[in-house]
Protein chains: 2
Amino acid sequence: MLRASSARLNLTVATMSPKALAAEYAVRGPIAVRSGEIDRDLAKGSTKYNFKTTIKLNTGNPQNHEQKPFTFPHQVVSILENPALLKHPELFPADVVERAKFILKETGGVLGAYTATKGFPFARKSVASFIETRDNKAAGRALGAVDPENIFLTNGASQAATVLLTALIDGRNDGLMIPIPQYPLYTATLELLGGSAVPYYLDEKKGWAMSAADLEVAYGKAKDQGITTKAIVVINPGNPTGQVLDRAILQDIVDWAHKRGVLIIADEVYQENIYAPGKKFHSFREVVLTSKGDIPRNVQVASLQTTSKGMFGECGRRGGYMEMLNVPADAMAQVEKLCALHLSPNNCGQIMMDLMTRRPAPGDASYESFNAEFNGVYQSLKERAGLLVTELRKMPGIECQTIEGAMYAFPNLKLPPRFCEEAIKHNEAPDFLWCMRLLEEQGVVTVPGSGFRQVEGTHHVRLTILPPEHEMKDVTQRIAAFHSQVIAKYS
Amino acid sequence: MLRASSARLNLTVATMSPKALAAEYAVRGPIAVRSGEIDRDLAKGSTKYNFKTTIKLNTGNPQNHEQKPFTFPHQVVSILENPALLKHPELFPADVVERAKFILKETGGVLGAYTATKGFPFARKSVASFIETRDNKAAGRALGAVDPENIFLTNGASQAATVLLTALIDGRNDGLMIPIPQYPLYTATLELLGGSAVPYYLDEKKGWAMSAADLEVAYGKAKDQGITTKAIVVINPGNPTGQVLDRAILQDIVDWAHKRGVLIIADEVYQENIYAPGKKFHSFREVVLTSKGDIPRNVQVASLQTTSKGMFGECGRRGGYMEMLNVPADAMAQVEKLCALHLSPNNCGQIMMDLMTRRPAPGDASYESFNAEFNGVYQSLKERAGLLVTELRKMPGIECQTIEGAMYAFPNLKLPPRFCEEAIKHNEAPDFLWCMRLLEEQGVVTVPGSGFRQVEGTHHVRLTILPPEHEMKDVTQRIAAFHSQVIAKYS
């Protein structure tokens with residue numbers, strides 16, 4: 001209906017910002033867009049596909065896969081939205097009513113206004129206290145209080161990452177060290193800012209391990225090209241790679257960041273999603289604060305968290321926080337100014353983050369039912385992670401590392417050379433072609449490894465572990481059917 | 001407690017992005033920050049100020065000024081948050097229950113997941129239908145359907161503006177035409193993108209009118225400097241200036257935009273806030289679609305709306321939409337990609353936008369009570385706008401244009417030369433000094449005109465009209481007391 005881009009207009013592909021055009025975000029890239037078209041076809045009754053529904057494994061979006069929202073936070077929120085419900089306390093457990101009254105008191109009943117740029121003070125106190133408790137427990141000793149002034153509530157972790165990169169990066173001489181494979185928000189934002197990606201590689205054969213020695217090599221290479229590395233992104237547990245980093249490697253990273261004066265962007269959004277026996281989450285804050293010498297005062301960390309992951313899975317809420325360690329007050333004020341351009345983080349996300357970091361306590365009326373819901377989700381995620389890997393490993397030419405944490409499998413696809421040649425002939429990455437055909441033929445929506453960057457010549461695919469148990473069989477059968485056809489046809 | 005910036009660290013003022021440092025956002029700038037410090041002092045019982053509370057007139061934040069949220073949307077939302085409440089339909093009017101059931105059906109009950117990048121389809125349909133009805137009514141004839149695919153739900157209008165500028169602007173050769181005075185999000189975002197502001201001036205003496213002839217002059221001047229003007233921002237009703245543009249000038253702007261192939265960014269977030277008799281809102285969409293020749297097909301418009309303004313005043317919700325007119329599909333896909341970097345707009349804001357554009361209809365159980373609440377807010381805003389202007393005009397050396405619409409007074413301050421000299425000696429804009437002292441001495445938080453840009457040598461201040469009637473006397477007395485002291489001391 002609309003014409004193709006015309007040079008007389010200004011919002012056209014021919015006249016747009018080249019940086020905007022260059023930014024790529026595979027998680028919602030061409031394959032996700034195509035799946036939307038197919039969904040619209042199917043809704044209109046189209047019978048031209050081999051399947052009746054698509055299955056979306058491209059985003060970690062639990063509530064789209066039958067995961068139910070938790071009862072306690074939603075009961076509290078329903079009262080906050082409609083305080084007249086307080087006239088009917090018999091409809092709610094006592095701790096729900098109490099919590100709603102507490103929040104109404106803390107906010108003076110004003111829940112719909114812009115808040116302070118950093119968010120509601122009461123919610124920032126809950127976050128500060130959550131971080132303190134978590135890290136004191138992991139360290140086995142008190143590491144000191146978290147100042148709520150160091151907490152920024154954000155619209156998901158994505159906004160936090162964007163603000164940090166905007167504060168740090170201006171043009172190609174500014175570098176950001178990123179893991180390969182990485183979460184594509186980082187490279188996309190770097191493109192928009194014209195900055196340089198300084199890659200360090202995760203070692204697939206060792207379960208996607210990383211080594212501090214590699215960091216120094218990457219840093220040096222960038223320096224030789226005139227690039228100043230300003231920060232390093234560490235995603236732990238890994239996305240898309242699912243590894244949980246051992247404390248010893250976290251210590252190496254901290255020591256290295258100290259030596260080079262590099263900010264650590266600690267993408268710790270999957271900190272509750274750990275399934276592998278013996279694996280434990282350690283925050284960068286805890287490691288920095290238990291380090292020797294002047295490290296506790298001189299390594300900067302910005303750590304990110306979200307309501308979207310963990311067991312809450314409240315993705316649509318766009319709740320998040322960013323905790324700043326060792327950032328001087330004047331720089332903090334600049335970060336606050338950047339956040340203030342969008343006034344304040346959405347209040348519903350702020351409240352969910354409060355509820356996620358301040359859960360029912362032993363003795364509370366909702367304690368047991370909340371824990372039952374929480375553990376139910378955890379156990380189910382753990383089982384699905386195992387099930388998906390087991391099934392993927394049965395497929396010829398597919399290797400898959402153990403999913404220690406997070407929400408994704410990232411198997412390695414050994415694709416027949418003729419398949420790769422065909423992809424390259426179409427100017428497409430081989431794993432992109434694999435994912436697109438998997439969608440067209442079996443309706444399964446995934447993200448090609450090339451969207452996360454990967455070692456040259458290797459091919460991967462990211463799939464969430466989220467299909468409910470009763471769908472997992474169908475999902476893995478669809479993938480196996482498609483993949484064996486590829487192997488048969490192109491080998 | 002934290003050290004000043006050290007060159008060994010990377011998140012410091014000395015090592016940050018110069019673009020990030022240069023961005024200014026006066027609405028939450030140093031005066032707002034200082035008011036936060038004073039609030040903390042007062043909360044601790046400090047008696048060193050002449051006042052016991054600060055009054056925040058710096059942001060258009062109605063629910064912070066005793067405006068109550070509307071009952072109907074919040075009843076609906078309370079059910080969506082906690083569908084178990086459907087077991088108690090006796091607690092709600094029938095249309096609330098019906099609407100909640102409708103939304104639960106449309107979403108399959110999945111309200112907590114990431115949505116499509118553009119937002120819930122059902123909410124985009126409500127927005128499309130609202131726009132259609134609004135414009136058909138204003139035009140007196142049917143202008144054609146709005147395709148929900150042209151609607152992006154956004155986190156407030158701020159996200160929409162940011163995405164648009166990111167799509168358009170890359171470096172100093174790309175220009176954005178902005179009114180002077182303007183809303184500072186535009187200049188701040190231009191700084192971040194390294195783009196050029198191409199100013200056109202509103203004529204204060206004529207009630208902040210604008211003229212299309214000025215646009216051509218500004219465009220030409222920019223062109224001579226090698227700047228391509230890609231878009232023009234028109235804020236109607238005006239922020240901070242409060243004028244409501246006549247249809248004839250909108251037509252002139254459209255004709256000019258057609259001639260120059262410039263996208264119109266229609267910041268129409270105050271479209272419901274019109275108080276002056278005889279003034280009426282006309283959308284750019286309506287004017288474009290009723291224009292002659294190929295204009296209806298060839299002038300691009302991106303129009304912005306939010307849940308924060310109008311009568312809803314749901315600022316904290318961060319709900320908004322952006323409607324695209326005449327944007328080719330491939331460029332639209334690029335804009336969608338930029339939105340997708342943050343996954344999807346927050347669901348609570350999306351739902352509020354749905355409820356704001358699809359209100360109780362005649363015959364619905366909530367129709368009368370909703371209208372009573374709505375009209376109550378409208379009448380009160382209108383009265384407060386009049387009251388504030390009347391009081392400001394009584395003060396010596398203050399001139400104030402009529403507030404035809406929006407939520408602000410933007411009076412002209414004739415400051416004594418000795419006061420201005422003192423400010424300049426401190427390297428401050430005179431109106432900044434005026435605002436800072438007004439805060440220190442009387443606790444009133446305002447935004448200096450210099451934060452919005454203004455004609456060189458003039459001084460202004462922006463104040464919201466939002467203090468409730470019973471506080472307005474106190475507010476204007478504080479300002480009058482401070483201002484007469486300035487005049488007495490420096491004249």
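Visitor: What should I know about the numbering and the cut-offs?

Guide: Residues are numbered from 1 along each chain as its sequence is written, and chains are lettered from A and ligands numbered from 1 in the order in which they are written. As the model is predicted, local features need pLDDT of at least 70 and side-chain atom pairs count only at pLDDT 80 or more, while totals for chains, interfaces and linings use all residues.

Visitor: Which residues lie on either side of strand β14 of chain A, and are they buried or exposed?

Guide: In a regular strand the side chains alternate between the two faces of the sheet. Strands are DSSP runs of E, at least two residues, and helices are runs of H or I, at least four residues, numbered from the N terminus. A residue is buried if 20 or more other C-beta atoms lie within 10 Å of its own, exposed if 12 or fewer, and partly exposed in between, with C-beta atoms placed from the backbone. In β14(A), residues 461–464, A:V461 and A:L463 are on one side and A:R462 and A:T464 on the other, and all are buried.

Visitor: Which strands are joined to β14(A)?

Guide: Two strands pair if DSSP finds at least two bridges between them. Strand β10 (408–409) of chain A runs antiparallel to β14(A), with two bridges; A:Y408 has A:T464 as its bridge partner. Strand β13 (447–448) of chain A is also antiparallel to β14(A), again with two bridges, and A:P448 stands opposite A:V461.

Visitor: What is the strand order in the open sheet of chain B?

Guide: The order is β10-β14-β13, three strands with antiparallel pairing. β10 (408–409) and β13 (447–448) of chain B each have a single partner strand, so one side of each lacks a neighbour in the sheet. Two bridges link β10(B) to β14(B), where B:A409 stands opposite B:L463.

Visitor: Where does B:A113 lie, and is B:A113 buried or exposed?

Guide: B:A113 is in the loop between α4 (94–106) and α5 (121–139) of chain B. B:A113 is buried because 24 other C-beta atoms lie within 10 Å. Contact requires C-beta atoms, placed from the backbone, within 7 Å; leaving out residues up to four places away in sequence, B:A113 touches A:N61, A:Q63, A:N64, A:C315 and A:G316.

Visitor: How many residues of helix α13 of chain A are buried?

Guide: An α-helix has 3.6 residues a turn, so residues three or four places apart point the same way. In α13(A), residues 347–357, eleven of eleven are buried. Their packing partners include α3 (71–81) and β8 (319–325) of chain A, and α13 (347–357) of chain B.

Terms used: Contact = placed C-beta atoms within 7 Å.
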